[in-house]
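Please keep the structure in view while reading.

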Amino acid sequence: MEVQASARYIHMSPTKVRLVIDIVRGMKVRDAQAQLTFMKKAAAEPVLKLLNSAIANASHNFQMPEESLYIKSIVADGGPMLGRFRARAMGRAAPIRKRSSHIAIVLDDLA
């Protein structure tokens with residue numbers, strides 16, 4: 001049985017988040033938690049929080065044991081962008097795009 005969780009409007013670029021989620025995709029839950037705990041990327045913190053939420057959903061809502069779970073799919077899509085402007089030479093302006101992410105995870109049973 002599949003278990004889902006999502007984190008929306010994470011104030012971080014989807015490109016940076018994808019660097020982290022590509023490492024843990026397909027891993028067992030315990031291994032992914034250990035990997036994310038010691039990773040030096042800033043995106044590891046919201047991904048770990050989302051993984052823990054999905055594990056809690058599985059154990060509380062569906063009584064699935066944590067040892068039998070693995071990450072079936074995890075994706076990071078782009079969220080809304082905040083538009084800002086930076087002053088440039090000769091009275092011009094250049095856009096600054098402050099990006100956000102929507103992260104979705106699906107856990108499944110190994111059996």
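## Burial and surface

Of the 111 residues in the protein chain, 36% are buried. Buried means under 20% relative accessible area, exposed means over 50%, and partly exposed lies in between (1.4 Å probe, protein chains only). This is a predicted model: local features need pLDDT of at least 70, side-chain atom pairs count only at pLDDT 80 or more, and totals for chains, interfaces and linings use all residues. Residues are numbered from 1 along each chain as its sequence is written, and side-chain values use heavy atoms, without hydrogens or water.

The protein chain has an accessible surface of about 7100 Å². Carbon and sulfur atoms hold 53% of that surface. Areas come from the Shrake-Rupley method with a 1.4 Å probe; for residues, only the protein chains shown count as cover.

## Fold and dimensions

The protein chain has 3 helices and 5 strands. Their order from the N terminus is β-α-α-α-β-β-β-β. Helices (H or I, at least four residues) and strands (E, at least two) are DSSP runs, numbered from the N terminus.

The C-alpha trace spans about 65 × 25 × 15 Å along its principal axes. The radius of gyration is 17 Å, whereas a compact globule of 111 residues would have one near 13 Å. That radius is taken over C-alpha atoms, and the globule rule is 2.2 Å times the number of residues to the power 0.38.

## Contacts and core

Contact means heavy atoms within 4.5 Å. Among contacts with a separation of 6 or more, 72% join residues 24 or more positions apart.

The largest nonpolar core has 30 residues. Such a core is a set of buried Ala, Val, Leu, Ile, Met, Phe, Trp, Tyr and Cys residues joined through side-chain atoms within 4.5 Å. β1 (3-10), α1, α2, α3 (44-61), β2 (69-78) and β5 (101-109) each supply at least two of its residues. The most come from α3, with 8 residues. Val17 is among the residues with the most contacts inside this core. Beyond four places in sequence, Val17 touches Met12, Ala43, Val47, Ala76, Ser101 and Ile103.

## The loop at Gly26

Gly26 sits in the loop between α1 (14-24) and α2 (29-37). Is Gly26 buried or partly exposed? Gly26 is partly exposed, at a relative accessible area of 49%.

Leaving aside neighbours within four places in sequence, Gly26 is in contact with Tyr70 and Ile71. Gly26 and Ile105 are 79 residues apart in sequence, but 11 Å apart C-alpha to C-alpha.
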